[in-house]
Amino acid sequence: MGLPDTACVVYRLSQAAYRPLFETVWGQQAFDITWPHDVERICSTPAGAAVFGGSATPLHLTQVGRDRANATYDQYALSITAYERPADVSAFSSKFDAYLASTYTLTEHEQRGYELFLGKAQCNTCHLDGTENSQTRITAANAASLAPLFTDLTSANLGLPRNPQNPFYFQNVADAFGFTPNAAGPDFTDLGVGLFLRSASGTNATAQLRSVAQQAEAAQIIDGPTLESATDHSAILRWTTNTRGGPAVHYGAVQYGTDPQHLKQTAKSPNRWNTNLPYVRYRVRIDDLQPSTTYCYAVDIVRADGTSIGV
Ligand code: HEC
């Protein structure tokens, strides 16, 4: 949320439409806090702004006010936990859950992948899946948990290399609020938990693996985009990307408009990844242009529902 003080969360809750419900559950004392006159200004300034001088509690509250805000904050966290626990939010309805519940049989392919996960590759020594780490076939009958989270809730030092495409490595310049996310820039080394616990240098929390999907990498443009032809009312744009494989139909899309900040219109045309060719060529025709008008455009590759695959 970027709020500069946990008490700002409580302040925002005190203004919410559901405040009476919160008080019914947790008591009338929850928001019985005298807020300082500058509460709105402070809570509207993002965390890390230079004006706070590094303070994590820039809201000046009485000791009782601070204690109350801390208690209400914890109750807010408990409310979220209670909300997330039921099956309508945490359904545990994946294919793997069905497998653990003996209502689905893994295909040969899935079974081999799973055996690798808990056998030779030893993934489940950290990403606990409720079964033992062995190459024997595990069934629901001997699973320790039927709703595993695939994490041991500890941290491990994997020695992963930097990802230079992570924008954080370039955020070494102060923003409008005087906040510099990463003063070290590209030289930053992510010590994980070690950034605040000296004894745990380099360790990162074992990520849970639910809802992890294979994300195809964005294709790279290797030629264009260029204006292939244009009339007073239409234009054809052309560009070429490398191929990413797979038979799925997708679309070359051009977002265009007269204001570069708001490319409001979109034209698209279908395409197919062709694994026999090292490239894919896109040609998109735009039909509703006004004569003698300057247009700006951006090209993209999108799915049938319009969501971006990215270039
Ligand atoms: C030594 C413990 C350990 C083992 C063994 C391990 N992992 Fe991990 N895994 C981690 C940690 C720690 C992270 C988080 C790394 C980070 O944030 O830098 C992680 C992250 C991941 C992620 C990223 C999840 C996300 O949401 O971004 C995936 C996917 C993953 N592991 C899969 C695997 C697979 C598959 C194996 C077996 C080949 C495996 N892991 C073995 C500890 C482990």
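How do the residues of the shell around the ligand divide into nonpolar, polar and charged? In this predicted model, the shell holds nine nonpolar and five polar residues and no charged ones. Altogether 14 residues surround the ligand, and the closest are Ala-121, Cys-123, Cys-126, Asn-204 and Ala-207.

The domain assignment of the chain gives two domains, whose bounds are listed here.

| Domain | Residues |
|---|---|
| domain 1 | 6-84 |
| domain 2 | 221-302 |

Between the C-alpha centres of domain 1 and domain 2 there is a separation of 48 Å.

Two packed helices are described by the angle between their axes and the distance between the axes. Helix H1, residues 6-14, packs against helix H4, residues 63-84, at an angle of about 75°, and their axes are 9 Å apart. That angle makes H1 roughly perpendicular to H4. On the H1 side of the contact stand Thr-6, Ala-7, Val-9, Val-10 and Leu-13, which meet Arg-66, Ala-69, Thr-72, Tyr-73 and Tyr-76 in H4. By class, this contact of H1 with H4 comprises seven nonpolar residues, two polar residues and one charged residue.

An open sheet is formed by three strands in the order E6-E5-E8, with antiparallel pairing. Strand E6 (265-272) and strand E8 (296-302) are at the edges with a single partner strand each, so one side of each has no neighbour in the sheet. On average, and with direction ignored, neighbouring strands of this sheet are turned by 20° against each other. Strand E5, residues 249-257, is joined to E8 by seven bridges, the two strands running antiparallel, and Tyr-256 stands opposite Tyr-297 in E8.

Technical notes
Residues numbered from 1 in each chain as written. Predicted model: local features only at pLDDT ≥ 70, side-chain atom pairs only at ≥ 80, totals over all residues. Near = placed C-beta within 6 Å. Nonpolar A, V, L, I, M, F, W, Y, C, P; charged D, E, K, R; others polar. Domains from an automatic or database assignment. Pairing = 2+ DSSP bridges. Helix = DSSP H or I, 4+ residues; strand = E, 2+ residues; numbered from the N terminus. Axes fitted to C-alpha atoms, helices over the stretch in contact; angles between N-to-C directions. Parallel < 35°, antiparallel > 145°, perpendicular 65-115°, else oblique. Contact = placed C-beta atoms within 7 Å.
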